[in-house]
Every structure is written in C-alpha cells, then in structure tokens.
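User: Could you take a close look at one strand in this structure for me? I would like to know how it sits among its neighbours.

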Amino acid sequence: MNLIFYSYLILIVFLTISLSNAHKLHPYGQSITIQLSEDSDPKTDSSFNKLKEMFTHPEVANRKVVILSIIGAYRKGKSFFLDYCLRFLYANYRSIATLNQPLVKNNNWWGRDDEPLTGFSWKHGSEPDTKGILFWSDIFLHEQNGEKIAIILIDTQGLFESGRDSNIDAKIFGATNFITSIQIFNIRDVIQEDQLEHLKMVTDFAKLTTKRQKEKSLKSSFKPFQNLLFLFRDWDHEDHGYGYEGGKIYLENILRIKNVKNMNEKAQSVRNNIKDSYDNLSAFLLPSPGRIIRKKTFDGRWGPLDDEFKENFITLIESIFLPQNLIKKKVFGNEITAKELLMYTLSIFSAFHGSDLPENDSVFDSAVKIELIKLSEEAINEYMKKISKGLIYTNPNFVTKLLNDHKSLQMEVIENFKKKPKMADEDVENKFIKELKTTINAKFSGWKAPVVTLHEQLIAQQRQLDHQALVQRREGARRIYEKTPQYQSCRFFTMYMHDCGMTNNVNSVT
Ligand SMILES: Nc1nc2c(ncn2[C@@H]2O[C@H](COP(=O)(O)OP(=O)(O)OP(=O)(O)O)[C@@H](O)[C@H]2O)c(=O)[nH]1
Ligand SMILES: [Mg+2]
C-alpha cells in the first residue's frame, strides 16, 4: 500500500516539475551554450560542433549574415527582450526549422495576450540566470534583391556580477562584439562610467585598424564594427523622451567630454574613439514594462504589459529586424558568409578562451585571416568559373591547351588577388598566395581527370565514326566502279584467265 502511495507521489511531483517547465520549451529551437573558459576547447567541445552544424547547414553556409547579440548587467531583461525578437522573427521569416511550413505573416507578431514567453531561458528573481554565450539553434532566412541572408541571435551571461573576475565580463563583451553586426548594450536606467569602460578594448582595436589602414595607404577606409545600440530600460527621466530621438540626445551627452581634468584617461579614450569604431551608434530609451513584471507568477505574456512599453518595444524590435533595416556582418569592410563567420567565430573564441584577455594584435590577426580566406575563396571561384568556359573537347591538342589555360588562369586570379586592397602584411599575404596556388592546382587535378576522360571518349567515338564513314565511302565507290565498262571488261578477262587455270582468285581485282 505504502509503495503504491509513494509511486503516485513521485509521479505527481514529476508531472508538476514537467508542467512548470513546459512553458520554457520553444517548438523550433533551443540555445547552444559556449563557455569561454580554459576547460572548453573550440576544436573538440560538443557545443562548438553544434555551432559548426548550424553555420554549415546547406541552406545557410553561403548566405551573408545578420548577427545580433545583447550584453549588459545581469537581471536586466536581456533574455526577455530576445524572446520577443524570436517572436518577431518567427512571424516574419522562415527558419531552418520551419523551412517546409507555409509562412503566414502575422502583423501582430508579439503573439496572443495570454501566450507565455519562451525561447532563451529567462526568469524572475535576483539570482543570475544566463551562463556563457548562447546561440539560438535555429537560423532565420531571408532573401532580398536576389541576395540570401541568414539571421542569428546570441544571448549572453550578465556582466558586473559581484565577486566575479572582471576579465570574464571583458571577454564576453569583446568576443561577441567582434563576431556580431549588431551589438546591443542593455542598461537599466542611466549608464555608469565602468559600464562605458568596457568599450575600451573595442575602441583600441579600432585605433589599431585605422593605424594599419594608414600604413597600407588603403583608399577605402572602413570602421571595424557595424552597429552599437545602447538600450536604456525602465527609462524614467522626463528630460529625454522615449525611443531613438531621446536616446540620441542622451547618448551625445554621455559621449561629450565635459571636463578633461575630472575624467580619467580610459574614459576619455573611449569617448574620443568610439565614433571611429562603429558605422552606426544609436540609443533607445525604453519605458518600464509595468508593475506586472514584479509578480512571481508572470510568464512573460504580452497582454498585461504597459501600453507605453508595448508601443516602444514594437518600434524597437521592428527597427532592427524589418527587412530594410537588416545589417549584414562585415570584416574589414567585406560582407562575409555564414561559413566564413564560423571560421572567424572559432578563431575569435580561441583567442578569448585563455585565462588572460587576448592582445588586440592577435584578434587583428584573426580578422586578417578571414579577410584572406574570403579573398582566396573568391579567387578559387573565379578560377573554377573561367577554366570550364569554352572548352572544345574534340580538339586533338585538348590536354596541352588545358594545361596552358590552367597556368595562365592561375596567374591571372593570383594577380587579381594581389591587387585587392587588404589589411594583411606582406608575409602573411605571401603565405596565403602559396596556399592559393596549391589549392588551385589540387582543384585542377580533381577537375581535369573526368574532363580528360570525356575528351578521350569523344575522340574515340569520333575515330569510330570516321572509320565507318570511310568504309561507307569505299563501299559506295566500289559499287560505282563495278558498273563501269573498264571493270566489266577487266572482270571478263580475269574470269577467262581463271578458266584457263592461270589464277585461283576471281575476286582479286576488287
Ligand atoms: N524592470 C524591468 N524588468 C524587466 C524588463 N524586461 C524584463 N524584465 C524582468 O527582468 C527579470 C529578468 O529577466 P531576464 O530576461 O532573465 O534578465 P537577464 O538580463 O537575461 O538576466 P541574466 O540572464 O541573469 O543576466 C524578469 O523578471 C523579467 O520579467 C524591463 O524592461 N524592465
Ligand atoms: Mg538572461
């Protein structure tokens, strides 16, 4: 009896736990956590393998990428914000998980009034929730003007957790900043000076980039990062109105150096260089979601949130994700594909995964590597496109011509590669040129074999046809000849000789 009672009890507890967590499950995706700690190795860690699968999915690998992350102090509604971003994205774009479903665009993308909020884990209370850097496992797909784009979201562990090594904060800030096209700096109320100082590494990197651009006298200058959006939550000051307009004025105030003597060097350096670091700096002042947020039972649903919050929240999310507002990821001014972003991400995460912060030079090298990989790929594509053009397979000198074409084309694409403006040093570039030559040779060998076989088959067929034509021609000629008087008299003479026993072969005249 006791055993049955306890079994029931266990079952009820299990069901209660499952039901209380059920609202946390999202139908299409989950988060993939990456830890930037020394114990996790980007080469072997299973989370990195999942990232590789995501980025190299055949639908995604060659798409340009819009990639957004949100960073900022813990317990300030970062994951909550991203979960509403997910609602917008699922209502407006197809994703890998929903690829085969019809997309029924819904103008009320924020969902039903009573729909619990799911996606990245979020919770009430004062204890930190998100740990590490979290990628949403599902990737959104969009096509505009014939260009295919992938959209990726990243959530992050809260910064400024007391008692934690501040290096971890700097790593999360730095690593996500390098790999994203939109970085949201989530701040509750007004900004504190130490929060702003997190941008130091970013602005130093920008300085290094500008220095290299000058050294290399590059004609086209670009900023190393795309968009930084300061998102002020629970804005409650009447001096600036909500939204981007109020944000612009407030941001200008923050970034102004009012009193040089009272400001430390770090703070001044950030302010002086931040504008050269990003293509676009903006700020958004968002009101509080209302008192409902304090209730322990609140499940994130849309209905009970304050109207003023809802209105601004909609403007904010649409300003980021509507098709015309999407910002694609660039490295040194070049848009990169998901496949290239994966290599870049792995290389940046490797740089940030040691116990100390990486030197800007080493991060710079990662970016240079991606720039060269990208240009090499372009060169290889150009080569492959041109080498197979205008081939005449029946040309008897086909193989010699092919070899000559290969050599001159290889030289041409390498010359084009050299001419392209780039941030790489000469030695690094030369190393890549050497690798490029080897890759093109390997591509040529792989491609040549079936092409030469085809050429040989065609030549053999041609020979056979020629031979048949020759036999037919001879046969025709013979038939015509047999009808001539000379042939008839000659044949008559031969038969006569044969009858006299002077030859055995009557047909020898033919
Ligand atoms: N005051 C306020 N609370 C919010 C806002 N948005 C969400 N919250 C609440 O803040 C609490 C924490 O939300 P999360 O999204 O888990 O916060 P987080 O920044 O991701 O927290 P960590 O993962 O711990 O860094 C929840 O109770 C949310 O309901 C907001 O704009 N203002
Ligand atoms: Mg969180």
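This is a predicted model: local features need pLDDT of at least 70, side-chain atom pairs count only at pLDDT 80 or more; totals for chains, interfaces and linings use all residues.

Here is the part I have in mind, followed by the reply. Is strand E8 (residues 225–233) enclosed or open, and which strands pair with strand E8?

Analyst: Let's begin with burial. Strand E8 covers residues 225–233, and seven of its nine residues are buried, so the strand is largely enclosed by the rest of the structure. For context, 30% of the 510 residues of the protein chain count as buried.

Now for the neighbours. Strand E7 (residues 182–188) pairs with E8 in the parallel sense, and seven bridges link the two. Within that pairing, Leu231 of E8 has Asn186 opposite. E8 is also joined to strand E9 (residues 278–285), again by seven bridges and with the two strands running parallel. Here Phe232 has Leu285 in E9 as its bridge partner.

Stepping back to the setting of this strand, the protein chain holds 14 helices and 11 strands. Its radius of gyration is 35 Å, well over the 24 Å that the globule rule gives for 510 residues, so the chain is more spread out than a compact globule. The C-alpha trace spans about 130 × 80 × 45 Å along its principal axes. Among contacts with a separation of 6 or more, 78% come from residues 24 or more positions apart. So, to return to your strand: E8 is largely enclosed, with seven of nine residues buried, and it pairs in parallel with E7 and runs parallel to E9.

Key:
Residues are numbered from 1 along each chain as its sequence is written. Chains are lettered from A and ligands numbered from 1 in the order in which they are written. A residue is buried if 20 or more other C-beta atoms lie within 10 Å of its own, exposed if 12 or fewer, and partly exposed in between; C-beta atoms are placed from the backbone. Helices (H or I, at least four residues) and strands (E, at least two) are DSSP runs, numbered from the N terminus. Two strands pair if DSSP finds at least two bridges between them. The radius of gyration is taken over C-alpha atoms; the globule rule is 2.2 Å times the number of residues to the power 0.38. Two residues are in contact if their C-beta atoms, placed from the backbone, lie within 7 Å.
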